[in-house]
Structures are given as structure tokens and as C-alpha cells.
Amino acid sequence: MTESALLRLRGVVKKFSAFTALHGVDLDIHEGEFFTIVGPSGSGKSTLIRLLVGMDEVTSGEIHLRDQRIDQTPANLRPTCMVFQSLALFPHMSVGQNIEFPLKLRKEPAEKRRDRALELLDLLRLPRDYYHKRISQCSGGERQRVALARALAFDPEILFFDEPLSALDYRLRKTLEKELKDLHHRTGKTFVYITHSLEEAMVMSDRIAIMNGGRFEQIAVADDIYGKPVSRFVAEFMGEVNLFEVTSEDGKTLSAPGLTVNTTQDGLPANGKGLLMIRPEYVQFASATDRFDYLVEGQVQEEYALGSRIQYEIKGPQEDLITIEKLRENRLENAVGQHVRLGFNADHIHLIGEA
Amino acid sequence: MPASRSTRIVLFIYGLLVIGFLYLPLVSVGFASVSRARYLSFPIKRYSSKWYADALASSTVKDLLWTSLSVAVIVTIISVVIAFFGALAFARYNWRYRTAFQKLILLPIFFPQTVLGLALLMWFNSLGIIPTWKTAVVAHLVWIAPIATLIVAIRAYGFDPALEEAARDMGAGTPTILREITLPLLMPGLVSAGLFAFLLSWGNFPLSLFTTGADSTLPEWLYAKMVSGYSPLVPTLGIMSVVGSFVIIMAALCVAWMLRANKESKIAQH
């Protein structure tokens, strides 16, 4: 793995006087990957991306791009490019001049610059006559595409994104997420994206890194981050989740207050404590005769319509409410106040080996 | 939002006051400058352009205009250059003594100009420099450059620092960034700072009084003539001074407008 990595970080530390924003981060990003770094604000993801593009200096540690160490190289000499949160389109230049800016810096002839700019407008599905438009005449979505075109004109080894979609409305964001994923396929470039939105990360990424408190909590493919989180933080960050505090006497038999366990399961160390995780979509309403590996009883507190799905909050034996989600066609009639039996099976649970 | 009745009344009174205290006096100076009589008295019996002819023929007036113009132009150029870099230091870059700089630069503005003029005169004397219009340039700069800096700084606060970072990220070095990004974006601020600098210098009296030595600027001469030996040239030169600054502002606005029109058409045909 390590030899083939395009970008390698080893023990990267960033301190701002007394505050340590990054505590020795290691990371490998591979060629052609769509890699997303997700974390809440203050987790260090913005600090990290600024180090990667060269706008801040590392306090210690090393960053390598292919065979070259780049952590001491200033931003203007690195073969990487970033799409800024604010997009940073130059307001005093036309769309065409914006896209050609990196080519002009390389002193490419005007003809060639123009051809490339028009090609990029095609690639991003912007009409060619946008070449003459002013930035102020473009809509939010068009500006995104211009910013992308400009970054692609630079032809970077890695294209970085600093939450460029966060200011857009929901529908446009959804459209552009898919376009970005599509663009990644068509260009074959390496994309490194940071966001605080789990959904954005899930839709687009090959691999996701979850950041918290200046460290990576977990780096894995999207399905594993969602289905096999390594900590309570990751589990809760990645959407709705039910966590039961469980103990294990022998590493095979789990027990938790109020939870009926009809199976044995590996995963927790002997005499270990941990968390049993089950996502809301895998919990079923159980009749008296249904057989499930795990059963728990409770009372429905609240019902929320989420569009195609209905979400129920159920007061169970533990302090946290149990959340379950059903498709609208499987809606429970007169749900609020009902006493219900909930069941789920061993192949849908995940055990987190920490208290 | 439509103005309420009371707001309209207040605005009307305000308008009357502006006209009564700002424009009417100026008009009366205008009348005085075209009256044949040596002293202004209404109604004016005979109109004449004699004083303008006299003024244009007089070598004193030429010297006055030339001195005032030299001081104002040099002050404008230097202020704009100082303001460009000063505004970046003020608003853009984080450096150790930035807050101290931001406060210190404001001090000359709050200093009474007469005191500042006196202090500078004493300072030039102790350095053994004989005051001329060149020392007045220095004195004007002490007061005007900070104002110009503030005007440009407001503009500098207004643009996204990510623009410069983006340019650097795409391979631009510092000189290229200044030329291609920072300068064009600060240009409106620089133009207004330049206009302010010119007008403040052109009309300045207290600083010039202390620091021009044997030379004299227009405002100084107007004052001197009012104190000792009124001349009918006083209103004439006063009007010429107002017209001069008006023409220069119009010329600057025209140039700015032409530059913009030129750029638009370049974008369009690009």
C-alpha cells in the first residue's frame, strides 16, 4: 500500500502557539482516489488541508508527494490546487480569464489558453458563451463549475476541495455532489475533499477519514465507516444509530439490561465492556411469535415523517431513546404511545470494543 | 421605504441649511468676483471680468497656482503609494505590531493641524532645514497619507483574502499577485484616496501656513490678503481654486470611467 501511495503524511503536527490542532497525523492517499475527510468544526480538517496545499507550515512531520518531500515547498511551487470554500473567483476577470489564469501564469500562448478554457467549459457543461461573462452574472452553481474549471486548467496532481458546496441550497448541492463524482470518473484525477457533511462524504467518496480533535478516528471505505465504526464518535457522527452498552462474560455471550439475547456472538474480549450498534433501518417491529437474535421492549414516544421513511423514537430499557426507521408502506398505525417489541439479528449488529 | 411626514420635514430643513450655508456663500463669492467694484455690495452695479483677466495676467497668481498644484500633485502621488502598502499592512497581513500600527497611524488625523504644523516647523528648524514648499509636502503627507491609507484599508478589508491565496495556489509569486489581483481590486480605493489626497492638500491652510517658509500656496495668499490689504483678486482666486479642484475631480472620474469602459469592451471582444 505504502509504496503506491500518491500522497503520504507521516507524523504531521500543527501547533498554533499553545493550541495543538493536529496531533501527529499519518495518512496515505492513492492515485485516482476520491478521498474525503469528514469532521465537525474544530476537528482540524481545515488546518490539515491548508498544510497539504502549502498555505500553512507543518510544525513537525513530513508530507511526501510521489518521491518528493513537499512540506517545505511554498504553495505556488506545489503541483496541487484547491477549490476554496468561498471559491475565490477573481471578480475583476471574466469567466474565461478566470479559467485561463493558471495557464497565463505558465505563459502559454493565448490561442492554446482559449482552446483549453473552451474545452473545460464543455467538460463542466457550461455554455461556451459563458467565456465572456462576468463572475457576477453567474449563479451559485455556475460559479462552482467555473471554480472547478479553473482548478482543472491548472492540471494538478491532486485537486483539493475545502467544503465548496456548503453555501448552496439542498437541491443544488445534491446535483453538484453527483456531478463532482461523475467528473472524478471522467478526469481520473485524485480528489481530496473536506466536509462536515456525512451525506456528502457518503455519496461521493471511495474512502472516508473521520477526524476528531486533531486525530483520525477511522479511515475506511464508506460502507465500513457506516456499518463498522470503531468508536462511539464515528458511529454517532455517521447518522442515526442505536448503541447499547453491553458486557461479555466470556467474549461470546453478551448481556445488557433489558435486552434479550438469543445468540452467541464474537467480537468483545472476555470480561470486556463495549457497545452494541444497530442502525435504525435494521430494527423490526416484532410480533409475539417472531424470532430474533436480539429482542427489546419499549414504548413509542414520537413519530417523525422523513419523506419516504418514517422514524420512530422508542423509550427502551436504557437511557438513550431507540430510533428505528420504516419505509412509509410499512408504517405502524397509531404508533405514539404503543408498547412494542423490537427485534434485530446478529448479522446486522456491530460491536465496538470500548466502554 | 417611503419617508414619513416628519422625516420629509426634517430632510427639507436640512436641505435648506445646506443651500444656505454651503452653496449661497459660494455664489456670493462668485458674484463678488465678477463685480467691477472693489468691495462687494448688492445690487451689483457693473459686471466685469476684469479681475479674472488681471488674475490670469499676474505672475504672483501663476506662482501661487503653480506652488499649490506642485504640492498637491506630489502629495497625491506619494500618499497613494504609501496608502497601497499601508493598507495591506493595516488590513491584510497579520504581523506582530499590527494593532499598534493601526492606532499610531490614526494619531496625526486627530492632532490639531496648527499644532502639527508648528511642531513640524520647529523640527525642520532644529534639523537646519529651511522651509519651502517642499517641506510643506512633507507636512501635508504627515496628515494626508494616513487618511489615504484608511480609505484604501476599507477597500482592502472588503475583499476575500482567499483570492490572493488562490492565485498563489495556482502558481503566482508575490509580485504577480500584487499586480494581477491586489492592485486591480484595490483600484477603486486608490482612486478615491488619490482624489481625497489632492483636495485635502489643495485646500489645506494650517499646515501650509507653518511649513511653506517664503513660498505661498493659494489658501495662504487668500488669508494674507484678507488680513492685510484686501484685493478684489481674493474672490476671483477663490472661485478659480474651486473651479480648479472641480475640473480635476471630473477629469479623474472621466479617466476612471474610460478605463472601465475599455476593460468591459476588452472582455466582450476577448
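**View 1. An open sheet of 4 strands in chain A, ordered 12-11-14-20 with antiparallel pairing.** Two strands count as paired here if DSSP finds at least two bridges between them. At the edges stand strand 12 (254-255) and strand 20 (350-352) of chain A, each with a single partner strand, so one side of each has no neighbour in the sheet. Strand 14 (residues 273-278) of chain A runs antiparallel to strand 20 of chain A, and 3 bridges join the two. Strands and helices throughout are DSSP runs numbered from the N terminus: E of at least two residues for strands, H or I of at least four for helices.

A quick note on what you're looking at: this is a predicted model, where local features need pLDDT of at least 70, side-chain atom pairs count only at pLDDT 80 or more, and totals for chains, interfaces and linings use all residues. Residues are numbered from 1 along each chain as its sequence is written, chains are lettered from A and ligands numbered from 1 in the order in which they are written, and side-chain values use heavy atoms, leaving out hydrogens and water.

**View 2. Another open sheet in chain A: 4 strands in the order 2-1-4-5, with antiparallel pairing.** Strand 2 (19-30) and strand 5 (68-69) of chain A take the edges; each has a single partner strand, so one side of each goes without a neighbour in the sheet. Strand 4 (residues 60-65) and strand 5 of chain A run antiparallel and are joined by 2 bridges. Look for A:Leu65, which has A:Gln68 of strand 5 of chain A as its bridge partner. Helix 1 (residues 45-53) of chain A packs on this sheet, touching strand 1 (5-16), strand 2 and strand 4 of chain A, and its direction makes about 120 degrees with that of strand 1 of chain A. Contact means heavy atoms within 4.5 Å; axes are lines fitted to C-alpha atoms, for helices over the stretch in contact, with angles running from 0 to 180 degrees between N-to-C directions.

**View 3. A stacked ring pair in chain A, A:Tyr294 with A:Phe344.** Over all chains, the structure holds 15 aromatic pairs. In this one the ring centres are 5.3 Å apart and the planes lie at 15 degrees, so the pair is stacked (centres within 6.5 Å make a pair; planes under 30 degrees apart are stacked, over 60 edge-to-face, the rest tilted). A:Tyr294 sits in strand 16 (residues 294-305) of chain A and A:Phe344 in strand 19 (residues 339-344) of chain A, so the pair ties together parts 50 residues apart in sequence.

**View 4. Helix 7 (residues 133-157) of chain B against helix 9 (residues 174-202) of chain B.** Their axes come within 8 Å and cross at roughly 155 degrees, so helix 7 of chain B and helix 9 of chain B are roughly antiparallel (angles over 145 degrees count as roughly antiparallel, under 35 as roughly parallel, 65 to 115 as roughly perpendicular, the rest as oblique). Residues making the contact include B:Trp143 and B:Ile147 of helix 7 of chain B, and B:Leu186 and B:Phe196 of helix 9 of chain B.

Notes. Rings of Phe, Tyr and Trp (its six-membered ring) pair if their centres lie within 6.5 Å; planes under 30 degrees apart count as stacked, over 60 as edge-to-face and the rest as tilted.
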